[in-house]
Amino acid sequence: PEDVRRDATPVFEVLHPDDVPAIWAGIQLSAADLSPWRAVYRVRHPVRGERWIEGSASPERSEDGVVTWDGYLRDVTEQQHAKEQLKLAASVFAATQEGIIITDARQRIIDVNPACLRITGYSRDEMLGRTTALLDIGRDAPGIHEEQAAALLRDGNWKGEVSSRNKSGEYVPQLWSVSAVFDET
């Protein structure tokens, strides 16, 4: 704090150039109306490289008119990278042309992608909360459910051809790939 009390230039020198305008605008607004300052931004650390920082501070104006801030800075690089990965995964989930159904351990549908809705003809609301029995696979393949369950427990995945019923009642041949994702329980 002593290094930047009178001159904050060293702080601005490590900021990512693309983030400087927004940070500067936020600081100016905070100083003008004494509102809390909050920002998430990048710095160029001399040893650790680019890092994401979350800052929050409360301004206080002294009798001589100088504004100082008390607050914290926290490295949120890992959280920021996790957010970026989630956004990427969500965009792939939404954009892929293959239908994706996510179920819980009891085969209740907890999410579907747009391609799945297009393929099955069901709406999102019609599928969520229902079980995969809605699609009536296995009609023409006796024992397929047992085969899937055994493969999922043994290998964590199963691939095969099935006929699945769409909303209009037609059975459509499909190639399915089923993967199990296990948690700590």
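Reader: How many aromatic pairs does a search of the whole structure find?
Author: The search finds 2 aromatic pairs. Keep in mind that this is a predicted model.

Reader: What about Phe12 and Trp24, what kind of pair is that?
Author: Edge-to-face, because the ring planes of Phe12 and Trp24 stand at 75°, and over 60 degrees counts as edge-to-face. The ring centres are 5.4 Å apart.

Reader: Where do Phe12 and Trp24 sit in the chain?
Author: Phe12 is in helix H1 (residues 9-14) and Trp24 is in helix H2 (residues 20-33). The two are 12 residues apart, and the pair links distant parts of the chain.

Reader: Is Phe12 buried, partly exposed or exposed? And Trp24?
Author: Phe12 is partly exposed, with 24% relative accessibility. Trp24 is also partly exposed, at 42%.

Reader: And Trp37 with Tyr41, how are the planes set?
Author: That pair is tilted, with 50° between the planes and 6.2 Å from centre to centre. Trp37 is buried at 9% relative accessible area, and Tyr41 is buried at 6%.

Reader: New topic. How many helices and strands are there in the protein chain?
Author: The protein chain has 6 helices and 7 strands.

Reader: ok, and why is the chain called more spread out than a compact globule?
Author: Because its radius of gyration is 27 Å, while the globule rule gives 16 Å for 185 residues. The C-alpha atoms fill a box of roughly 85 × 35 × 30 Å along the principal axes.

Reader: What share of the residues is buried?
Author: Buried residues make up 28% of the 185.

Notes: Residues numbered from 1 in each chain as written. Predicted model: local features only at pLDDT ≥ 70, side-chain atom pairs only at ≥ 80, totals over all residues. Heavy atoms only, no water. Helix = DSSP H or I, 4+ residues; strand = E, 2+ residues; numbered from the N terminus. Rg over C-alpha atoms; globule rule 2.2 N^0.38 Å. Buried < 20%, exposed > 50% of the residue type's maximum accessible area, 1.4 Å probe, protein only. Phe/Tyr/Trp six-rings, centres within 6.5 Å; stacked < 30°, edge-to-face > 60°.
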